[in-house]
Amino acid sequence: MPDLIGAATARLSVPEGQYAILSPEAEDAQDSVPGTGEVAATGLFAAGTDGALVITGTDHGDIGIRVELWSGAPAADDTAWEDVVEDSYTATGTAHVHNVEGRPAGLPDLAWSGPGTYRMRVSVRGRDLGADDDGSGPVPVEEHLIQVWPAPEAPPHARKLSDELGETWRSEAADG
């Protein structure tokens, strides 16, 4: 059974309906973040070397975000989340959650065991509600969970896809 190494929560401002995970010390760190075209395949997120991009429903406002660092693959709770997608992230240094303006979220280093390859599972709920909300209330309507553990590289895997925003992204990718 894998161990939970650490966890933290934050309220993250997401201008432009997205946020990034990147290794800020990597050369051309911003260039390592996948484009929205790469995210469209799952409608939620895509990762690579030193960069990942997550699409939110909240276009300008705050979301709730929780990060969990694991020693191995944690059990997936697909019933509590609307979309759940896994992808591999290779870190050459640290890996931190930032909004697209480059402001860090104040969450722990996702590459907690040092440079190498990690599996990231991003689970979301409330993205469709977030599209109609400015995120300024006492509790954000949109919530994200990022679970990370060391693992060999593997292709993206969509565990669950059920929100309307993700379906819109996937349909546009299929049409385009």
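This is a predicted model: local features need pLDDT of at least 70, side-chain atom pairs count only at pLDDT 80 or more; totals for chains, interfaces and linings use all residues.
Residues are numbered from 1 along each chain as its sequence is written, and side-chain values use heavy atoms, with hydrogens and water left out. Helices (H or I, at least four residues) and strands (E, at least two) are DSSP runs numbered from the N terminus.

**Salt bridges**

- Side chains of opposite charge can pair when their charged atoms come close. The structure holds twelve salt bridges, each being a side-chain nitrogen of Lys or Arg within 4 Å of a carboxyl oxygen of Asp or Glu.
- One of them joins Glu86 to Arg121, with the closest N and O atoms 2.7 Å apart. This pair links distant parts of the chain, since Glu86 belongs to strand E6 (residues 83–91) and Arg121 to strand E8 (residues 116–125), 35 residues apart. Glu86, at 8% relative accessibility, also counts as buried.
- Arg125 and Glu143 form another salt bridge through their side chains, at 2.8 Å from N to O. Here too distant parts of the chain are linked, with Arg125 in strand E8 and Glu143 in strand E9 (residues 143–150), 18 residues apart. Arg125 is partly exposed, with a relative accessible area of 26%, and Glu143 is likewise partly exposed, with 33%.
- A salt bridge of 2.7 Å, N to O, brings together the side chains of Arg127 and Asp163. Arg127 lies in helix H2 (residues 127–130), while Asp163 lies in the loop between strand E10 (157–161) and helix H3 (164–175), 36 residues apart. Both Arg127 and Asp163 are buried.
- Through salt bridges that share partners, Asp78, Glu86, Arg119, Arg121 and Arg159 are joined into one network.

**The sheet**

- Six strands form an open sheet with mixed pairing, in the order E1-E5-E9-E8-E6-E10, where two strands pair if DSSP finds at least two bridges between them. Strand E1 (4–13) and E10 stand at the edges with a single partner strand each, so one side of each is left without a neighbour in the sheet.
- Neighbouring strands of this sheet are turned by 20° against each other on average, direction ignored, with axes taken as lines fitted to C-alpha atoms (for helices over the stretch in contact) and angles running from 0 to 180 degrees between N-to-C directions.
- E5 and E9 run parallel and are joined by six bridges; Arg66 stands opposite Leu145 in E9. E5 is mostly covered, with seven of its nine residues buried.
- E8 and E9 run antiparallel and are joined by eight bridges, and Arg121 stands opposite Gln147 in E9.

**Nonpolar cores**

- The largest nonpolar core has 28 residues, and those with the most contacts inside it are Tyr19, Ile21, Phe45, Val97, Leu110 and Ile146; such a core is a set of buried Ala, Val, Leu, Ile, Met, Phe, Trp, Tyr and Cys residues joined through side-chain atoms within 4.5 Å.
- The elements that give two or more residues to this core are strand E2 (18–22), strand E3 (45–47), strand E4 (51–55), strand E5 (62–70), E6, E8 and E9.
- A second, separate core of five residues includes Val39, Ala46, Ile55 and Leu165.

- Trp149 lies in strand E9 and, at 5% relative accessibility, counts as buried. Leaving aside neighbours within four places in sequence, Trp149 is in contact with several residues, among them Trp70, Ala73, Glu86, Arg119 and Arg121, contact meaning heavy atoms within 4.5 Å. Although Trp149 and Ala73 are 76 residues apart in sequence, they are 6.2 Å apart in space, C-alpha to C-alpha.
- His98 is placed in strand E7 (residues 96–99) and is buried, with a relative accessible area of 7%. Its side chain reaches the backbone oxygen of His96 at 3.1 Å. Apart from neighbours within four places in sequence, His98 is in contact with Tyr19, Ala20, Leu22, Pro24, Arg103 and Pro104.

Terms used
Buried means under 20% relative accessible area, exposed over 50%, partly exposed in between (1.4 Å probe, protein chains only). A polar contact is a pair of N or O atoms within 3.5 Å; within protein, one must be able to donate a hydrogen and the other to accept it, and residues adjacent in sequence count only if both atoms are side-chain atoms.
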